[in-house]
Amino acid sequence: MKQNVIGVLAVQGAFIEHVHALANAGAKPFEIRQLRDLDRPMDGLVLPGGESTVQGKLLRDLGLFNPLQEMIRNGLPVFATCAGLILLAREIADDPTVWFGTLPVTVRRNAYGRQLGSFSVTDDWNGLPQVPMTFIRAPSIESVSPDVEVLSSFRGKATSVRYRNILGFTWHPELSSDLRPYQTFLKEG
């Protein structure tokens with residue numbers, strides 16, 4: 001029986017908000033800071049927003065990169081926001097860097113502008129009405145492969161997607177009290 005034990009990458013970025021949201025949604029979150037944290041059984045993984053380049057470097061330096069990549073490739077459910085989405089993307093526009101490369105999308109960093117360009121909207125997500133979406137230095141999803149399902153869009157570009165075991169967001173569901181994205185992840189994962 002699934003326990004909804006969810007590991008939250010906690011090496012950099014806005015991870016504590018995910019921990020709180022997951023707990024409020026009925027999950028049992030724990031923080032992943034070092035390699036031995038991966039010894040705990042988990043039913044899912046959260047890759048938070050922050051700085052994707054810093055997170056990617058820390059993942060490698062801490063020895064977390066290869067084990068996490070293997071877990072994702074082997075089907076561990078993943079909930080990735082902003083920088084986490086960039087870490088998963090198979091391609092980053094105008095950047096040859098590829099991190100996990102497990103999500104067949106092309107993303108563009110800071111697509112809506114820098115910090116001052118941050119904004120919020122309320123829109124449909126995954127068939128659910130009126131979901132708050134906060135975009136902070138958000139990437140855009142420039143293209144998706146045919147087997148990627150688009151769950152929401154803004155200004156003609158995908159803002160969240162589902163691919164196999166991955167839910168990816170350009171926005172920050174952890175900054176809202178609306179737990180429906182987390183509940184969906186916990187139910188589907």
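**Pocket, cores and selected residues**

Q: Which helices each supply at least two residues of the lining of the largest pocket?
A: The helices are α2 (52–61) and α4. Helices (H or I, at least four residues) and strands (E, at least two) are DSSP runs, numbered from the N terminus. The model is predicted: local features need pLDDT of at least 70 and side-chain atom pairs count only at pLDDT 80 or more, while totals for chains, interfaces and linings use all residues. Residues are numbered from 1 along each chain as its sequence is written, and side-chain values use heavy atoms, with hydrogens and water left out.

Q: What makes a residue part of the lining of a pocket?
A: On a 1 Å grid over the protein atoms alone, a pocket is an open set of points where a 1.4 Å probe fits, with protein on both sides within 12 Å along at least five of seven lines; a lining residue has an atom within 4 Å of a point. For the largest pocket, 19 residues line it, and G50, E51, C82, I136 and R137 lie nearest its centre. The largest share of this lining, three residues, comes from α2.

Q: How are the residues of this lining divided into nonpolar, polar and charged?
A: Ala, Val, Leu, Ile, Met, Phe, Trp, Tyr, Cys and Pro count as nonpolar, Asp, Glu, Lys and Arg as charged, and the others, Gly among them, as polar. The lining holds eight nonpolar, seven polar and four charged residues.

Q: Why is T106 called buried?
A: Buried means under 20% relative accessible area, exposed over 50%, and partly exposed in between (1.4 Å probe, protein chains only). T106, in strand β6 (residues 103–108), has a relative accessibility of 12% and therefore counts as buried.

Q: Why is S140 also given the term buried?
A: S140 lies in strand β9 (residues 140–144). Its relative accessible area is 1%, so S140 is buried.

Q: What makes the link between the side chains of T106 and E91 a polar contact?
A: A polar contact is a pair of N or O atoms within 3.5 Å; within protein, one must be able to donate a hydrogen and the other to accept it, and residues adjacent in sequence count only if both atoms are side-chain atoms. The side chains of T106 and E91 make such a contact at 3.4 Å. Another, of 2.3 Å, joins the side chains of S140 and E142.

Q: Which residues is T106 in contact with, leaving aside its neighbours within four places in sequence?
A: Contact means heavy atoms within 4.5 Å. On that basis T106 is in contact with E91, A93, S140, I141, E142 and S143. M71, with residues up to four places away not counted, touches M42 and L76.

Q: What makes a set of residues a nonpolar core?
A: Its members are buried Ala, Val, Leu, Ile, Met, Phe, Trp, Tyr and Cys residues joined through side-chain atoms within 4.5 Å. The largest such core has 34 residues, of which L88 and F100 touch the most other members. Helix α4 (residues 83–88) gives the largest share of this core, four residues. A second, separate core of 27 residues includes I6, F79, W171 and L179.
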